[in-house]
Amino acid sequence: MSSKLLVTGASGHLGQRVIHHLLNTLQVAPERIIATSRKVDKLQNLAALGVTVRAADFEDAASLQAAFAGAQRVLLISTDALDRPGRRLAQHQAAVSAAVSAGVQHLAYTSMPLPDNSPLLIAPDHAGTEKAIAASPLAGWTILRNHWYFENLFMSLPSALASGQWYSAAGQGKVAHIARDDLALAAATALLKDEGKNTYTLSGAQAFTTEDIAAAVSQATGKALQVVHVPLEGLIQGMVGAGFPEPLAAVFASFDTNTAAGRVADLTGDFQKLTGKTPLPFALWLEANKAAFAG
């Protein structure tokens with residue numbers, strides 16, 4: 001195979017690991033890979049390896065068309081434009097249009113579990129992007145409905161451990177977290193090999209309640225951690241009090257609402273189906289990362 005493989009957001013955490021797996025795990029020749037980012041200066045290490053690096057600005061349709069030129073297969077990593085409703089969806093729609101114009105044959109996209117009718121406030125971005133891809137004339141596509149990263153816990157647990165209290169509106173809902181590196185492997189595999197039009201929901205090996213996670217983290221770090229259940233509005237106001245803008249606090253709090261609704265608890269087996277591997281268990285991930293929580 002000699003098709004050109006393009007990864008957007010290649011300077012981000014997920015994009016970097018996707019490139020790593022393409023080069024090292026899947027043994028793709030660097031000259032077959034195109035890495036794009038708004039921050040091309042952060043891709044010079046890849047350029048030194050022989051990877052083609054290009055600027056791509058999701059706010060500039062012309063730059064996307066130029067970036068995608070010559071690529072047969074593209075991985076569209078969802079952007080982080082959460083500052084105003086609809087911005088990210090517009091960016092993704094522009095990317096889908098650019099892929100079509102560039103003659104891309106297969107497009108893979110990093111989505112979320114059950115995006116339709118979700119209480120998660122960012123879900124319409126993903127649902128709308130999936131619809132744009134399905135309605136496009138692209139010959140093939142892969143929707144990667146990624147469960148939440150283990151690494152997302154770094155955003156809430158250090159401060160919770162410092163205070164000994166973890167405020168949650170998730171109730172007894174469970175989350176089947178998965179390691180970001182596993183999702184990067186799945187994305188790299190889909191970009192290289194997947195054919196047709198497929199949707200995979202990529203979950204971890206187990207689903208845990210907030211109490212389950214708190215107990216495991218407490219045991220690993222030796223620090224007491226109590227889950228304090230609060231109503232959604234209380235969680236939002238607590239984040240606002242901690243300095244978050246209210247719209248952003250509402251977005252983050254809606255992750256708990258989504259969890260409480262049971263929308264990220266399913267154990268699908270799709271990760272193994274796509275990669276032939278089993279996802280990293282939470283206990284092993286936590287053991288490897290407990291120092292980051294211990295403070």
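Me: How many cavities of 30 Å³ or more does a search of the whole structure find?
Reply: The model is predicted, so local features need pLDDT of at least 70 and side-chain atom pairs pLDDT 80 or more, while totals for chains, interfaces and linings use all residues. Residues are numbered from 1 along each chain as its sequence is written, and side-chain values use heavy atoms, without hydrogens or water. A cavity is a set of points on a 1 Å grid over the protein atoms alone where a 1.4 Å probe fits but cannot get out. For the whole structure, the count at 30 Å³ or more is 1.

Me: How many polar residues are in the lining of the largest cavity?
Reply: The space there is about 30 Å³, taken as the volume filled by probe spheres on grid points joined across faces, edges and corners. Lining residues have an atom within 4 Å of a point; among them are F150, H177, Q206 and F282. Ala, Val, Leu, Ile, Met, Phe, Trp, Tyr, Cys and Pro count as nonpolar, Asp, Glu, Lys and Arg as charged, the others, Gly among them, as polar. The lining has no charged residues and 6 nonpolar ones; the polar count is 3.

Me: Which helix gives the largest share of the lining of the second largest pocket?
Reply: A pocket is an open set with protein on both sides within 12 Å along at least five of seven lines. This one holds about 270 Å³, and L82, R84, P85, L121 and V251 are the closest to its centre of 14 lining residues. Helix 5 (123-135) and helix 10 (246-260), both DSSP runs (H or I, at least four residues), each supply at least two. The largest share, 3 residues, comes from helix 10.

Me: Is T275 buried or exposed?
Reply: T275 is found in helix 11 (residues 270-275). Its side chain has a polar atom 2.8 Å from the backbone oxygen of F271 and reaches the backbone nitrogen of K277 at 3.1 Å. Beyond four places in sequence, T275 is in contact (heavy atoms within 4.5 Å) with L185, A186 and T189. Buried means under 20% relative accessible area, exposed over 50%, with a 1.4 Å probe and protein chains only; at 17%, T275 is buried.

Me: What radius of gyration does the chain have?
Reply: The C-alpha atoms fill a box of roughly 55 × 35 × 35 Å along the principal axes. The radius is taken over C-alpha atoms, and the globule rule is 2.2 Å times the number of residues to the power 0.38. For 295 residues, a compact globule would come near 19 Å; the chain agrees, at 19 Å.

Key:
A polar contact is a pair of N or O atoms within 3.5 Å; within protein, one must be able to donate a hydrogen and the other to accept it, and residues adjacent in sequence count only if both atoms are side-chain atoms.
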